[in-house]
Amino acid sequence: MEGCLAVIRKVKVSLKKDKQIEQDQMVVVQYRYIKELAIMKYETEERREQNLVQQSSQMQTAFSFMTAAIFMALPICVEYRGVLSLKFFFVSTSFVSAFLIASLITASLAQWRWKTESLPDVNVIKDSIVNSTEWESLCAEHIQLAQYVELIGKVQHIKAKINDRRVVLIMMSMICFYLSIVSIVISFVVAIITML
């Protein structure tokens, strides 16, 4: 009878071990998937950052072309102004220039390289693993994957916040640029109405 009980206990222990191994394997599979998604999200934020910096650079280029066009056309308009006063040209040019300068400033701020979170130095990582009191648990693959996901997550989170800030600045730059165009159109309409 005792032999039978011993066999039953061994079978129960074996089943528990098998169940634990199966659960550990499921956790590893989950963390591998999370790791893939974390890498994909981080790479997406990297590409997003490059695109936003490029877009702000294009806004600066638009500012340059618009400023050149305005100040090339302004002397011709002043020379053939007819009944329009110089004060009108000064005020309208001031409005347009103010919006263009605001557009340039916000586009330039969008290119600013803010301080970001970075991965720890390799020696720091090595020391934290080798000198850890829980080094045995670090041998489990799901724990390693969890640490990897946590490190990438910190860097990606800060990068996403900075990219969101860049988006706001680029939107402000575009709004100011469009307001400068609207100012030009309004000045042109007022000039035509005044000359009639």
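Partly exposed residues have a relative accessible area between the buried limit, under 20%, and the exposed limit, over 50%. Glu46, with a relative accessible area of 26%, is therefore partly exposed. The structure discussed here is a predicted model.

**Overall layout**

The chain has four helices and zero strands. From the N terminus on, its elements run α-α-α-α. Of the 196 residues in the chain, 23% are buried. The accessible surface of the chain is about 14,100 Å², and carbon and sulfur atoms account for 67% of that area. Among contacts between residues at least 6 apart in sequence, 90% join residues at least 24 apart.

Helix 2 contains 25 residues and spans 36 Å from its first C-alpha to its last, close to the 36 Å expected at 1.5 Å a residue. Its buried residues are Phe89, Ser92, Thr93, Val96, Ser97, Leu100, Ser103, Thr106, Ala107 and Ala110.

**The nonpolar core**

The largest nonpolar core consists of eight residues: Met59, Phe63, Met66, Ile70, Val96, Leu100, Ala107 and Phe177. At least two residues of this core come from each of helix 1 (2–79) and helix 2 (86–110). Helix 1 gives the most, with four residues.

Phe177 is one of the core residues. Apart from its neighbours within four places in sequence, Phe177 is in contact with Met59, Ala62, Phe63, Met66, Leu100 and Ser103.

**Salt bridges**

Side chains of opposite charge can pair when their charged atoms come close. The whole structure has seven salt bridges.

| Pair | N to O distance |
|---|---|
| Lys159 and Glu46 | 3.1 Å |
| Asp164 and Arg48 | 2.6 Å |
| Glu49 and Arg166 | 3.4 Å |

Lys159 forms a salt bridge with Glu46. Lys159 belongs to helix 4 and Glu46 to helix 1, so this pair ties together parts that are 113 residues apart in sequence. Lys159 counts as buried, at 8% relative accessibility, whereas Glu46 is partly exposed at 26%.

Asp164 forms a salt bridge with Arg48. This pair also links distant parts of the chain, with Asp164 in helix 4 and Arg48 in helix 1, 116 residues apart. Asp164 is partly exposed at 41% relative accessibility, and Arg48 is partly exposed at 25%.

The side chains of Glu49 and Arg166 meet in a salt bridge. Glu49 lies in helix 1 and Arg166 in helix 4, 117 residues apart, and the pair links these distant parts of the chain. Glu49 and Arg166 are both buried. Through salt bridges that share partners, Glu46, Glu49, Arg113, Lys159 and Arg166 are joined into one network.

Arg166 has a relative accessible area of 1%. The limit for a buried residue is under 20%, so Arg166 counts as buried. Leaving aside its neighbours within four places in sequence, Arg166 is in contact with Glu49, Leu52, Val53, Ala110, Gln111, Trp112, Arg113 and Trp114.

**A nonpolar surface patch**

Tyr178, Ile181, Val185, Phe188, Val189, Ile192, Ile193 and Leu196 form a nonpolar patch on the surface. Together these residues have about 830 Å² of accessible area. Ile192, one of the patch residues, lies in helix 4 (residues 141–195). Its relative accessible area is 38%, and Ile192 is partly exposed.

Definitions and conventions:
Residues are numbered from 1 along each chain as its sequence is written. This is a predicted model: local features need pLDDT of at least 70, side-chain atom pairs count only at pLDDT 80 or more; totals for chains, interfaces and linings use all residues. Side-chain values use heavy atoms; hydrogens and water are left out. Patches are made of residues with over 30% relative accessible area and no salt bridge: like charges are joined within 9 Å, nonpolar side chains (Val, Leu, Ile, Met, Phe, Trp, Tyr) within 5 Å. Accessible areas come from the Shrake-Rupley method with a 1.4 Å probe; for residues, only the protein chains shown count as cover. A salt bridge is a side-chain nitrogen of Lys or Arg within 4 Å of a carboxyl oxygen of Asp or Glu. Buried means under 20% relative accessible area, exposed over 50%, partly exposed in between (1.4 Å probe, protein chains only). Contact means heavy atoms within 4.5 Å. A nonpolar core is a set of buried Ala, Val, Leu, Ile, Met, Phe, Trp, Tyr and Cys residues joined through side-chain atoms within 4.5 Å. The expected span of a helix is 1.5 Å times one less than its number of residues.
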